[in-house]
Every structure is written in C-alpha cells, then in structure tokens.
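I opened this notebook to keep track of what I looked up. The entries follow the order in which I went through it.

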2 protein chains.
Amino acid sequence: MELTPRKKEILKVVIENYISTAEPVGSKAIASQLTSKVSSATIRNELADLVEMGYLEQPHTSAGRIPSPKGYRLYVNELMEQRALSLQETEEINRALQMKMQELDGVISKAGQMAAALVNYPAYAMASGTPGLTVQRFDLLSVDPSSFIAVVMTQDSRVKSRLIRSETGVDADQLAALAALLNAHFTGIDETEMNRKLMDLSGKTPGPLFMTLSQTIEYACSVIEGGEKNKVYTTGANNILKLPEFRDADKAHELMSFMVDNTENLPVPPAGTNMEILIGPENVNEALRDTSVVVASYDIGDNMRGLIGVVGPTRMDYATVAARLSYFAEGLTKMFGKQDPLLPGPKEEQKT
Amino acid sequence: MELTPRKKEILKVVIENYISTAEPVGSKAIASQLTSKVSSATIRNELADLVEMGYLEQPHTSAGRIPSPKGYRLYVNELMEQRALSLQETEEINRALQMKMQELDGVISKAGQMAAALVNYPAYAMASGTPGLTVQRFDLLSVDPSSFIAVVMTQDSRVKSRLIRSETGVDADQLAALAALLNAHFTGIDETEMNRKLMDLSGKTPGPLFMTLSQTIEYACSVIEGGEKNKVYTTGANNILKLPEFRDADKAHELMSFMVDNTENLPVPPAGTNMEILIGPENVNEALRDTSVVVASYDIGDNMRGLIGVVGPTRMDYATVAARLSYFAEGLTKMFGKQDPLLPGPKEEQKT
DNA sequence: CTTTAGCACTCCTCGCTCCCGAGTGCTAAA
DNA sequence: TTTAGCACTCGGGAGCGAGGAGTGCTAAAG
C-alpha cells in the first residue's frame with residue numbers, strides 16, 4: 001500500500017528531526033513544521049498508522065516516535081532530497097583533493113582520513129577489485145658485490161623497490177642476465193605461477209644465482225600480493241564518541257574494536273553503482289546491526305576501485321553524508337583519471 | 001626527608017592495589033597485605049603522613065587513598081620491582097617480532113600496532129633523529145619514450161621508486177646522462193641544497209631535460225623529506241574505553257582526538273636512555289596531564305631511532321608495560337641489527 | 001614514643017518513592 | 001475527516017534514608 005503524501009511528509013519531518021536531535025519526535029513538533037496546517041491530533045492518527053506500517057517506532061507509550069530502519073530506507077530511497085553542497089563544502093573537499101599522491105596506498109589511506117574528516121564519522125578505506133596483480137617489469141641494479149636493488153613495476157604501473165642483500169654475491173653481469181630472465185618469464189603471471197616457474201628453474205640454475213632469483217621473486221610476490229590489496233584503513237573512530245548513541249563506552253568500544261580488528265568484514269559496495277547505503281539490519285555484520293554504512297567507490301584505473309565507507313548511527317545524516325561522499329569520490333576518480341602520473345588514464349579535455 | 005621502609009612498603013601496596021582495581025585503598029586492606037603485622041590504625045597514621053608528604057591523595061574524607069603523581073614517581077623510581085616476563089609473554093613478543101619487514105614505514109607503524117596489542121593501551125610509533133636524510137644513489141630506468149622509473153636510494157639504504165611521466169619525453173641515453181648528473185651532484189646533500197643546485201642548473205641545461213631533472217629532484221625531495229620522518233602512527237586508541245577512568249565519553253574523546261590529530265605534540269623520549277616514563281603532570285601536553293606515557297626507543301641504524309610510546313591512565317601498570325615495551329624495543333633493535341637487509345648493520349656474532 | 005583498640009563521624013552509593021511533564025490514545029463534537 | 005479535550009502512561013530527576021566503608025581522634029597499652 002502506498003503512503004499518502006501527507007504520511008510521507010510526516011515521515012520525512014520525523015526522520016529529519018530525529019537525525020538532528022536524536023530524540024523522539026512528538027506530534028506537536030511535527031505539526032508546527034508541516035506545510036499544511038493540521039492539528040497535532042491529526043498527526044497522532046497518522047503517526048499511529050505509520051507505526052503500524054513499520055516505518056516508525058515508539059520507544060515506549062507516551063514517547064514520541066523514532067524512525068525504524070524501514071523508515072530510513074524509504075527516506076533514503078524516496079524522500080531524501082538531493083542535498084546540494086554549499087560552495088564552502090565543495091571548496092573544502094576540493095582542497096582536500098589537492099593532496100599529493102606519492103604512492104597508491106598512501107592515497108587510499110589518506111582518502112579514508114579525509115572522508116572521516118569530511119563527515120565526522122568513522123571511515124574506512126580500501127582498494128578492491130585487483131584481480132591478481134602481476135609484474136610488468138623487473139629491474140635489478142647492482143649496488144655492491146653483496147647487494148642490489150630490485151625494482152618491480154606492476155601491471156597497474158606502480159613501482160616498488162628495495163635493497164636486497166645477496167648472501168652469495170652477484171655482479172652486474174649476473175644481475176643483467178637475471179633481469180632478462182625475469183622479464184622473459186616472470187612477467188604477466190600471478191603469484192602461484194611465479195612460484196611454480198621458480199620451482200622449475202631450481203634444478204637448471206646455478207645455486208648462488210638461484211638464491212638471488214628466489215629472493216627477488218619472493219620480494220615481487222610480496223609486492224603484488226601484499227600491496228594494499230586487502231589492506232583496510234580505518235580512521236576517525238573517535239568521532240563516534242561525540243554521538244549520544246555511543247555515550248555508552250561499551251557500545252563505543254565494541255564498534256571501534258570491530259572496525260579496527262575485523263577489517264575484512266566491512267561491507268563492500270555494490271557492483272555497478274558507485275554508492276550504496278546500508279541501514280541498520282541491512283548490514284550482514286552483527287556488529288554493524290544498529291549502525292548504518294555509506295559506501296562510495298572511485299575509479300583508480302585498471303579496473304580497480306577504491307572504496308571509502310562511512311560508519312555511523314542509523315540516525316546518520318544520509319543526505320549530507322551521501323552528497324559529500326559522492327562528490328569526494330567523484331573528485332578522486334577525476335584525479336586518478338587526469339593528473340595521475342601512475343597511469344596512462346583516459347584523456348579528458350583539460351586546460352592547465 | 002627520607003621515607004621509612006614501612007612507609008615505602010605501604011605506598012607500594014597502595015599503588016599496586018590501586019593499579020589493579022582503580023579504587024581507593026583503605027587501611028584495612030593494606031594491613032592484610034603487609035609483611036609485618038600491624039593494625040589498621042597504625043597504617044592510618046602512616047597514611048596521614050604520606051598524604052601530608054604528597055605521595056597519596058584522598059578523594060574525600062572517609063575514602064581510601066589513591067596515589068598522587070609524586071607517589072607514582074617514587075614508585076617507578078624506587079619501589080617498582082623489575083618485572084620478569086613470563087615465558088609466555090616473551091614468546092608472544094618474539095612471535096610478534098617475526099614480522100616481515102618490507103618497508104621501513106611499514107615496520108614503524110606495525111611496531112606501534114604491536115605495542116598497543118602487547119600492553120592493551122593506545123600506542124604511537126614514529127621514527128626520530130633523522131638529521132636530514134640525503135640521497136645516496138639515483139637510478140633512472142627507461143620505460144617508454146614518455147615515462148621512466150626513478151629509483152632513489154637514501155643514505156640509510158632505503159629504496160623508493162616511482163614511475164614518472166615526462167611531458168617532454170626522454171630516451172634511454174638522456175636518462176643515463178641525467179642519472180650520471182644526479183649521482184655526481186645531487187647525492188649526499190639535503191633538500192634545500194638540492195633545490196639550490198637545481199636552480200643553478202636551470203640555465204645551463206636544455207629545457208626539456210631540465211623539466212625531467214626537476215621532476216626527479218622533486219620526487220627525491222619528497223622521499224627524503226616525507227619518508228616517515230615526521231609521521232606518527234597512532235593505534236589501539238579503542239583500548240582506553242575499557243578503562244574505568246575513561247568511561248566518560250567526553251574524556252575518552254578528548255584523549256583520542258588529541259592522539260590522532262595532534263601527533264607532533266606527543267612526547268619524545270630522552271636522549272641517551274632508551275626508555276622513559278612520564279607520569280601525569282610531568283607531561284607537557286595539556287591533554288596528557290592526567291595520563292602517563294611510557295616511551296621506548298629502538299635503533300634503526302644510521303643514527304636513527306624508532307619510538308614506541310604507550311599512553312595510559314596514571315594508574316598504568318608501569319612494571320608490566322615497561323618490561324614488555326623494553327623487551328620489545330630490544331627485540332626490534334636486534335632485528336634491525338641482524339637480519340635487516342636494508343642496512344649493513346653492526347656485525348654481531350651469530351650462528352644461523 | 002609507638003602501637004592499638006574503640007568509637008563517633010563523614011560521605012559516597014544505592015535503592016526507594018514521588019512528582020513532573022511530555023506525549024499519547026480515545027472520545028465526542030464539528 | 002479533522003479537531004479539541006481529557007485522562008492516562010511512563011521515563012527521568014529530585015529528594016530522602018539506610019548501609020557501609022573508611023577515616024580521625026582519643027586514650028590506653030607496650
């Protein structure tokens with residue numbers, strides 16, 4: 001059954017009041033905020049209906065109404081107005097986007113930090129959709145007889161390097177040969193395959209050289225695997241302490257601990273869209289059952305997406321959070337597309 | 001005036017009780033834990049003295065006593081017994097030390113995380129004492145006409161690299177020349193000097209090449225400056241929520257926010273020693289005035305030190321925290337000295 | 001001079017009751 | 001269908017008193 005327009009308006013008022021005050025909303029308060037002038041008694045009748053339909057809840061008889069998850073859902077889907085960001089807000093976000101990006105992981109964690117700062121809720125950030133990173137190119141640079149630098153460029157054009165000490169010692173010629181070997185046989189393949197090939201070579205290669213080879217492969221594996229693929233950065237957890245629903249230290253602790261420890265269980269966003277809102281029990285995670293999560297994604301390029309998620313009470317200011325987050329995510333996407341030196345990126349018309 | 005042995009023993013009992021219970025300690029409880037059998041009345045007399053001398057405080061008449069910062073200080077300096085770590089504890093720490101260290105910054109932040117986990121208090125981690133890092137060696141690897149990889153090895157043997165897109169385009173020969181130039185003139189000097197030299201060259205170098213040069217230098221500067229020198233990692237902040245003194249959400253929030261935002265104001269450890277304890281008002285930071293901080297340092301090599309600090313209530317279990325932290329820091333120092341492939345490191349006798 | 005028992009006193013904590021007021025649900029009239 | 005009126009509900013806070021842990025003091029004993 002469809003809700004009457006007036007019911008919707010009432011629902012909206014209740015939700016928006018509750019979002020800003022965290023206190024049950026009474027019929028009188030609603031009456032004064034409605035466009036049409038009706039008495040509080042009328043409102044009460046409507047409220048009773050809305051409760052029965054499951055859009056509102058009553059903490060106890062003789063208290064005002066608070067929204068139920070179902071109510072929030074309706075609000076988010078239909079009632080919520082596209083919140084236009086103020087000039088000030090956009091400027092703030094643009095300023096945040098000016099950050100220098102030195103390394104991809106740095107950007108991801110920074111994005112999380114900024115998201116948290118932007119909305120004053122805890123946030124998490126991660127990259128997703130790296131379907132098996134591979135190495136695109138190896139370089140080995142001789143430093144001294146007992147050590148060399150391994151430079152690994154992954155197929156998404158990130159470059160990592162590290163000094164490796166060879167126990168056996170290698171000279172520049174050997175390194176060059178090794179590099180050629182690596183580039184010939186170890187590029188474009190994933191970790192397990194690398195290890196397999198390494199095994200194959202174990203007999204056919206002189207011992208000392210093989211040692212060095214395997215050290216290099218080990219490093220390469222750590223790069224493509226450990227990168228920041230599964231790393232989840234959590235920030236701004238302290239923000240929840242300001243919220244009345246988390247005045248209780250135990251509750252706050254529970255959520256915080258969950259967010260920092262249980263990082264791989266955080267909701268990931270939908271495929272296709274670039275923003276999702278999960279309200280209360282819509283979250284599969286037990287610990288997030290009475291919080292809401294807003295997740296936005298941005299393109300990093302090379303079919304990878306970055307994720308920024310915001311965790312807050314169900315009484316979250318969805319309009320603002322969604323607006324800011326999506327603007328921010330769009331900005332990040334643009335940033336990666338345009339000025340990113342890491343990636344070729346789609347050329348956009350740009351006048352600098 | 002010196003304290004009598006009995007006063008010291010009483011003080012010790014009070015502190016240790018208070019540390020474990022967070023509740024004022026009464027004369028009767030003390031009497032039952034003292035080695036010499038004395039009555040509670042005697043204890044009361046002693047307690048009155050201790051209060052007068054400033055070692056103890058009384059929340060209100062007719063409550064037990066709690067230690068004052070001065071009391072804790074005496075305890076830490078004289079009374080506290082060197083806490084021997086149990087086998088289990090050392091094993092746990094040793095296990096933590098097995099971590100792979102891929103990158104220095106990774107290790108530092110990880111050290112902080114582990115420290116927090118080890119003592120169940122919030123912890124922060126940073127590196128200190130990098131007196132102007134310099135570049136030891138440059139390598140430039142040609143990727144394609146419009147981009148190349150810059151590899152920078154700092155004088156403490158860390159290696160960083162990144163793909164740089166050159167707007168003008170450079171071929172391999174040019175890169176080789178550029179690398180030679182860089183290695184000849186831009187190694188061993190600090191950031192400001194690099195920029196000065198760059199200025200000098202601005203006229204004498206062909207435009208396109210100069211562009212590439214300055215991009216590279218810019219990157220080098222970001223490495224030696226931004227590295228992890230001033231970066232402070234904070235973790236485990238959620239731990240404070242378990243403590244009764246931070247049941248109050250406002251208090252907890254204050255400390256947490258301070259720790260994450262105000263990172264550069266965190267106490268740094270003393271020169272010379274490798275561990276310091278700062279109790280309550282001994283902290284210069286307003287926000288840390290009723291918390292205590294235990295800071296330990298470990299050698300990273302190349303006259304750099306890593307710092308791990310633990311922040312907790314003044315009622316912190318100093319003995320345990322100090323023991324674990326120093327054991328952990330020692331372990332880190334050893335780790336860096338021994339198996340660290342990043343650094344030559346002091347040769348220790350080692351039979352592997 | 002130190003230690004101890006005794007005792008009155010202090011003051012926090014907890015549970016209880018009671019009151020207030022916001023807000024409801026219902027009824028009856030418009 | 002809307003509205004005014006009114007009795008009712010229920011949470012929250014104030015006020016009160018009992019209980020108890022712990023003190024400070026005094027006076028006697030070692």
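**Entry 1: chain A as a whole**

I began with the secondary structure of chain A and found eleven helices and ten strands. Helices (H or I, at least four residues) and strands (E, at least two) are DSSP runs, numbered from the N terminus. I then looked up the radius of gyration of chain A, which is 27 Å, well over the 20 Å that the globule rule gives for 352 residues, so the chain is more spread out than a compact globule. That radius is taken over C-alpha atoms, and the rule is 2.2 Å times the number of residues to the power 0.38. The C-alpha trace of chain A spans about 90 × 50 × 35 Å along its principal axes.

I note the conventions here. This is a predicted model, in which local features need pLDDT of at least 70 and side-chain atom pairs count only at pLDDT 80 or more, while totals for chains, interfaces and linings use all residues. Residues are numbered from 1 along each chain as its sequence is written, chains are lettered from A and ligands numbered from 1 in the order in which they are written, and side-chain values use heavy atoms, with hydrogens and water left out.

I looked up burial next: 54% of the 352 residues of chain A count as buried. Buried means under 20% relative accessible area, exposed over 50%, and partly exposed in between (1.4 Å probe, protein chains only). For contacts (heavy atoms within 4.5 Å), I took those in chain A between residues at least 6 apart in sequence, and 61% of them join residues at least 24 apart.

**Entry 2: Lys12(A)**

Is Lys12(A) buried or exposed? At 18% relative accessibility, Lys12(A) counts as buried. I placed Lys12(A) in helix H1 (residues 5-21) of chain A. Leaving out residues up to four places away in sequence, Lys12(A) touches Tyr75(A), Leu79(A) and Glu81(A). With Glu81(A) there is a side-chain polar contact of 2.2 Å. A polar contact is a pair of N or O atoms within 3.5 Å; within protein, one must be able to donate a hydrogen and the other to accept it, and residues adjacent in sequence count only if both atoms are side-chain atoms.

**Entry 3: DNA strand C**

I listed the 20 residues around DNA strand C, and Ser27(A), Arg6(B), Thr42(B), His60(B) and Ser62(B) come nearest. A residue is near a strand if one of its heavy atoms lies within 4 Å of it.

Thr42(B) has a polar side-chain atom 2.4 Å from a phosphate oxygen of DNA strand C. The elements that give two or more residues to this surface are helix H3 (40-53) of chain A and helix H3 (40-53) of chain B. H3(B) gives the most, with four residues.

**Entry 4: DNA strand D**

Which residues come nearest to DNA strand D? Of the 20 around it, they are Ser39(A), Thr42(A), His60(A), Ser62(A) and Ser27(B). I found a side-chain N or O atom of Ser62(A) 2.7 Å from a base oxygen of DNA strand D. H3 of chain A and H3 of chain B are the elements that give two or more residues to the surface near DNA strand D. H3(A) gives the most there, with four residues.
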